[in-house]
Amino acid sequence: MTDLRQILIAALAYRGAAQAALKERLAAKPIDGEQRAAHGFAWVATTVAAMEATLEWLEAGNDANQLDAKIATLAFAEGVGQLTGGLPMGQNEIFRPADLGLGDAARTLANACANLLDADHAATRAEVAAALAAGQWPSETLHDADLDTIRYQYRRFTDAEIIPNAHRWHLANDLIPDATVQAMADLGTFGVCIAEKHGGLGLSKLVMCIVTEELSRGWIGAGSLGTRSEIAGELIAMGGTVEQKAEWLPKIASGEILPTAVFTEPDVGSDLGALQTRARRDEGGTWVIDGAKTWITHAARSDLMTLLARTLPDAKGYAGLSMLLVPKPRGSENNPFPAPGMSGSEIEVLGYRGMREYALQFDAMAAPADALLGGEEGQGFKQLMRTFEGARIQTAARAVGVARRALELGLDYAVNRKQFGKAIVHFPRVADKLAMSLVDFVTARELSYAAARAKDSGKRCDIEAGMAKLLAARAAWSNADAGLQIHGGNGYALEYEISRVLCDARILNIFEGAAEIQAQVIARGLTGGRN
């Protein structure tokens, strides 16, 4: 542990050099003019933060699990290797020290970590893969009996109710069955972070991470079902009137009301300031909504829309946006959108099924006079921004669950698949994939937990949330890709679960803020760069 602590200190110094170099560039140029350098720095900062979270996890375990130290060593070796050699920002985008003039700083870091970089870690990877094949997993205790019990409870539920059915639901493009939704509600899934006085469990974002991770391990659709309740609950709890909280929060917490987030519009994407959907009051005070939305998850079966619309047409950009709480009748297979003034069409997608995606059209749809969140116009963007931290941390947790499931599937196949007279887990290239998938899973998990703890402390944590999502989404995709490769040709067959996991993993780099948006948030937050 002492050696890794010294390596972390050297990595933090490298991060500081990268931050100073970027600040110098941004003094003369807007951040958009230095996107490659800025986003590369965000990956540097995220990598170092992941190393720090992994070391804290290792040290908290007090050598209770010998596998932990091997995982941390591999994580540090890979982290420093990428910092000094090249960080993958994407499949064909490698950020190298020279991109930010960090050649000398990289050499200093490499010299400080020479023993780690020069070591042959093949034996360690083989030992990690062998431990997995023998049924050993790294420590996952949170050193709190209640938290560990919650994990066990949701893992048992996922193993019994989600995993045996998820692939069949995916292939049929079925909605998650009502009985399963109700079972999730009975566990308290939809009210984890809603205050007890409003019918929720009043628990932490860390608990929300555990719940989401375990459900998403079974199927990302199950883990994501709670996201809509998380977003709606936080919007109302933080910005709603007393009456709105009393009306909606208990019903969301119990699962009686299934909400959906209605923000994105065609041709707008991440530029929320350009939203065009309008809401106006008629003579009786009722809100009237006109416009189009797209990529709306679970729109048909939901009962409540948290809808971002322009209510102040003369106010430019974000200033004209307001958040509305718009109730709607729940749709059915035969009539998905029975509400007057509202229509929709399904967007067929590769993965991330179970709730379905829709393009929506509003043509004079009515909303109650008291639908305005908080009773004040022009606050919609600010209200939404306050939920982004929690939503991105939860998305990171979803990615962690997907990353673990991809590893489980790859491991199971490698142990049972025989080629050339032995199980393929014994071939080094297969074992390496498993070992490094485990490393990526652990580092992403620990960084996500670190972000959740920061949120629970009450501090602003948009940077930590962005880092967690950035890293976890990459881990989910790389683990799914490695898991499919281990399956070989069978992985490409729809009958194998890994094919679904790969499709599910791909969305994680896009929604709740694309990877490029996360990198921009991190870089701007750490340097004060201007747009």
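## A strand residue to start with

Ala-364 is found in strand E9, residues 357-367 (helices, H or I with at least four residues, and strands, E with at least two, are DSSP runs numbered from the N terminus). Although Ala-364 is not a glycine, it has a positive phi of about 60°. How accessible is Ala-364? Its relative accessible area is 41%, so it counts as partly exposed (buried means under 20% relative accessible area, exposed over 50%, and partly exposed in between, with a 1.4 Å probe and protein chains only).

A quick word on what you're looking at: this is a predicted model, where local features need pLDDT of at least 70 and side-chain atom pairs count only at pLDDT 80 or more, while totals for chains, interfaces and linings use all residues. Residues are numbered from 1 along each chain as its sequence is written, and side-chain values use heavy atoms, with hydrogens and water left out.

## Strands and how they pair

Take strand E3, residues 259-262, which is covered on both faces. Pro-259 and Ala-261 sit on one side, Thr-260 and Val-262 on the other, and all of them are buried. E3 runs parallel to strand E6 (residues 304-310), and four bridges join the two (two strands pair if DSSP finds at least two bridges between them). Pro-259 has Leu-304 as its bridge partner in E6.

Strand E4 (residues 278-281) goes the antiparallel way with E5, again over four bridges. Together E4 and E5 make a hairpin with five residues between them, and Gly-285 in the turn has a positive phi of about 95°.

## Some loop residues

Between strand E5 (287-297) and E6 there is a loop, and His-298 is in it. His-298 isn't a glycine, yet its phi is positive, at about 65°. Is His-298 buried or exposed? It counts as buried, because its relative accessibility is 1%.

Tyr-318 belongs to the loop between E6 and strand E7 (321-327), and with a relative accessible area of 37% it is partly exposed. Which residues does Tyr-318 contact, leaving aside its neighbours within four places in sequence? They are Leu-272, Gly-273, Gly-378 and Phe-381 (contact means heavy atoms within 4.5 Å). Tyr-318 and Gly-378 are 60 residues apart in sequence, but 7.6 Å apart in space, C-alpha to C-alpha.

Gln-379 is placed in the loop between E9 and H12. Gln-379 is partly exposed too, at 22% relative accessible area. The C-alpha atoms of Gln-379 and Val-501 are separated by 38 Å, and the two residues are 122 apart along the chain.

## Around helix H2

Asn-65 lies in the loop between helix H2 (35-60) and helix H3 (66-85). Its side chain reaches the backbone oxygen of Trp-137 at 2.9 Å. Beyond its neighbours within four places in sequence, Asn-65 is in contact with Trp-137, Pro-138 and Ser-139.

Within helix H2 itself you'll find Thr-46, which is buried at 0% relative accessible area. Not counting residues up to four places away in sequence, Thr-46 touches Leu-447, Met-467, Leu-470, Leu-471 and Ile-522.

## Empty space: a cavity and a pocket

Rolling a probe the size of a water molecule over the atoms shows where empty space is left. On a 1 Å grid over the protein atoms alone, a cavity is a set of points where a 1.4 Å probe fits but cannot get out, and a pocket is an open set with protein on both sides within 12 Å along at least five of seven lines; lining residues have an atom within 4 Å of a point. Grid points are joined across faces, edges and corners, and a volume is the space filled by probe spheres set on the points.

How many cavities of 30 Å³ or more does the structure hold? There is one.

Note on methods:
Polar contact = N/O pair within 3.5 Å; in protein donor to acceptor, adjacent residues only side chain to side chain.
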